[in-house]
Amino acid sequence: MKFRYAMVCSSNQNRSMEAHYLLKREGFDVCSYGTGAHVKLPGPSLREPNVYDFGTPYKQMFDELRRKDSELYKRNGILPMLKRNAGVKVAPQRWQLNASDGTFDVVITFEEKVFDMVIEDLHNREHVLMKPVLVINLEVKDNHEEAAVGARLTLDLCQELEATDSWEDNIDNILSMFERQNRRKLVYNISFY
């Protein structure tokens, strides 16, 4: 694979991790992150989310939620999701703290608010290398079914990017073809490291 990818959602749990899992399985050089202040998982009600700090291991979250209410968290898909996540990496990571992970060629976000936060963060970093980074937003609802669809679409898009000699020269054509084929609107920005 030619490019290095980052998948970014709010909590580095569902959408970014489903895409990370699939792209990693297909041999891509991929990492994933969240942009939120904390990691939030559904709780017994909307007013009672489970809140964790970034860096809390997925296995620890899994064990805690299994102890709290194994049936609820199996039924709503949280335990299987955390088990998948633990098989991909140790813990959720925050985008704003990822500078030591190096640079990426392509960053894909799954929500406009996350896209805006990634762009803002990149603009606020020191631009030492002046290396371009393509940031694309593919809007995906934050549920397990849509995350799976979004991950497959992300894989298709990344495969298209890999098939070109230079995404800089072909990005408009690649994205417009993707939009027509998948009936999904994409937003993109070119930033720099």
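Two strands are taken to pair if DSSP finds at least two bridges between them. Helices (H or I, at least four residues) and strands (E, at least two) are DSSP runs, numbered from the N terminus. The structure is a predicted model, in which local features need pLDDT of at least 70 and side-chain atom pairs count only at pLDDT 80 or more, while totals for chains, interfaces and linings use all residues. Residues are numbered from 1 along each chain as its sequence is written, and side-chain values use heavy atoms, with hydrogens and water left out.

An open sheet is formed by 5 strands in the order β2-β1-β5-β6-β7, with mixed pairing. Strands β2 (29–34) and β7 (186–192) stand at the edges and have a single partner strand each, so one side of each lacks a neighbour in the sheet. From one strand to the next, the twist averages 20 degrees. Strands β1 (residues 4–9) and β5 (residues 106–109) run parallel and are joined by 4 bridges; Val8 has Thr109 in β5 as its bridge partner. Helix α4 (residues 112–124) packs on the sheet and touches β1, β5, β6 (132–138) and β7, where contact means heavy atoms within 4.5 Å. The direction of α4 makes about 10 degrees with that of β7.

Helices α5 (residues 144–162) and α6 (residues 167–182) pack at an angle of about 145 degrees, their axes lying 10 Å apart. Axes are lines fitted to C-alpha atoms, for helices over the stretch in contact, and angles run from 0 to 180 degrees between N-to-C directions. Residues Leu153, Leu157, Glu160 and Leu161 of α5 meet a set in α6 that includes Trp167, Ile171 and Phe178. The contact comprises 9 nonpolar, 1 polar and 1 charged residues, where Ala, Val, Leu, Ile, Met, Phe, Trp, Tyr, Cys and Pro count as nonpolar, Asp, Glu, Lys and Arg as charged, and the others, Gly among them, as polar.
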